Amino acid sequence: MSVWSSIGSIVSSIGTGGAQVVDRLVQLVLARPDGTNSVGFTVAMIALSAKMAKADGVVTTDEILAFRELFDVPPKEERNVARLFNLAQEDVAGFEVYAKKLADLFPYDHKTLLDILDGLFHIAKADGVVHESEIGYLAKVAELFGLDEREFGKVLARHVRSEGNPYEVLGIGPDASDAELKSQYRREVQETHPDRLIARGVPEEFVRIANDRLAALNNAWSQICAERGI
């Protein structure tokens with residue numbers, strides 16, 4: 001069963017939604033041993049993207065298009081995805097409940113949780129700016145994911161470069177040696193390879209995120225090399 005067929009089955013099982021919608025989502029995802037990561041990842045992105053829409057009070061066309069850039073939804077499944085999106089917006093449970101329960105799908109897997117955060121930032125900045133309310137929302141999601149300030153700062157610096165610095169993008173302090181910096185840069189580039197993301201259950205369409213992440217890493221490395229003369 002494909003990811004989208006699984007999500008269609010999940011949506012059909014939810015019924016009219018209600019306060020238990022998140023618990024039901026998690027239960028149904030975990031009941032699918034094959035492809036659990038990919039289904040769980042996609043459900044998390046849909047639900048948290050919908051909740052993020054409330055952070056600045058409006059869902060823009062740009063945000064919807066950005067979501068479609070990341071997920072190639074088959075035409076026959078678009079209605080189910082839209083319904084799940086609407087349920088996530090309308091459910092009485094706050095985003096904190098969504099973030100915590102969906103993060104439970106990936107225990108101790110910070111890399112996948114960072115991938116989800118990257119996707120959310122991609123959607124948030126689709127209208128040309130990441131609003132303060134959206135940054136606050138994403139910071140809280142990161143906290144509920146169990147990510148520390150350094151990990152969140154690294155993702156923030158990649159997407160909101162005016163507020164970051166090249167060392168934050170690489171996730172290392174400015175007091176690191178040249179050798180440590182080079183090692184960290186290579187490690188980050190290796191982890192950014194699309195094959196690594198797909199192996200973690202990230203949809204193939206997320207290659208766009210990998211390319212953006214790689215561009216940010218290369219830009220940060222170039223800045224550091226210019227500053228240090230290496």
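These legends cover close-up views of salt bridges and aromatic pairs in a predicted model. Residues are numbered from 1 along each chain as its sequence is written, and side-chain values use heavy atoms, leaving out hydrogens and water. Local features need pLDDT of at least 70 and side-chain atom pairs count only at pLDDT 80 or more, whereas totals for chains, interfaces and linings use all residues.

**View 1. A salt bridge joins glutamate 143 and lysine 140.** A salt bridge here is a side-chain nitrogen of Lys or Arg within 4 Å of a carboxyl oxygen of Asp or Glu. The count by this rule is eight. For this pair, the N to O distance is 3.7 Å. The two residues sit three apart in helix 8 (residues 132–144), so about one helical turn separates them. Helices are DSSP runs (H or I, at least four residues), numbered from the N terminus. Glutamate 143 is exposed, at 51% relative accessible area. Lysine 140 is partly exposed, at 30%. Buried means under 20% relative accessible area, exposed over 50%, and partly exposed in between (1.4 Å probe, protein chains only).

**View 2. Arginine 228 forms a salt bridge with aspartate 178.** Their closest N and O atoms are 2.7 Å apart. Arginine 228 belongs to helix 13 (residues 207–228) and aspartate 178 to helix 11 (residues 178–192), so the contact ties together parts 50 residues apart in sequence. Arginine 228 is partly exposed, with 27% relative accessible area. Aspartate 178 is also partly exposed, at 35%.

**View 3. Glutamate 191 meets arginine 196 in a salt bridge.** The N to O distance is 2.8 Å. Glutamate 191 is buried, at 18% relative accessibility. Arginine 196 is partly exposed, at 33%.

**View 4. Asp115, Asp118, Arg158 and Arg213 form one network.** Salt bridges that share partners join these residues.

**View 5. Phenylalanine 121 and phenylalanine 152 make a tilted aromatic pair.** Rings of Phe, Tyr and Trp (its six-membered ring) pair if their centres lie within 6.5 Å; planes under 30 degrees apart are stacked, over 60 edge-to-face, and the rest tilted. Phenylalanine 121 lies in helix 7 (residues 110–124) and phenylalanine 152 in helix 9 (residues 149–159), 31 residues apart. Both phenylalanines are buried.

**View 6. Tyrosine 185 and tryptophan 221 are stacked.** Their ring centres lie 4.9 Å apart, with the planes at 10 degrees. Tyrosine 185 is in helix 11 and tryptophan 221 in helix 13, so the pair ties together parts 36 residues apart in sequence. Tyrosine 185 is buried, at 16% relative accessible area. Tryptophan 221 is buried too, at 14%.
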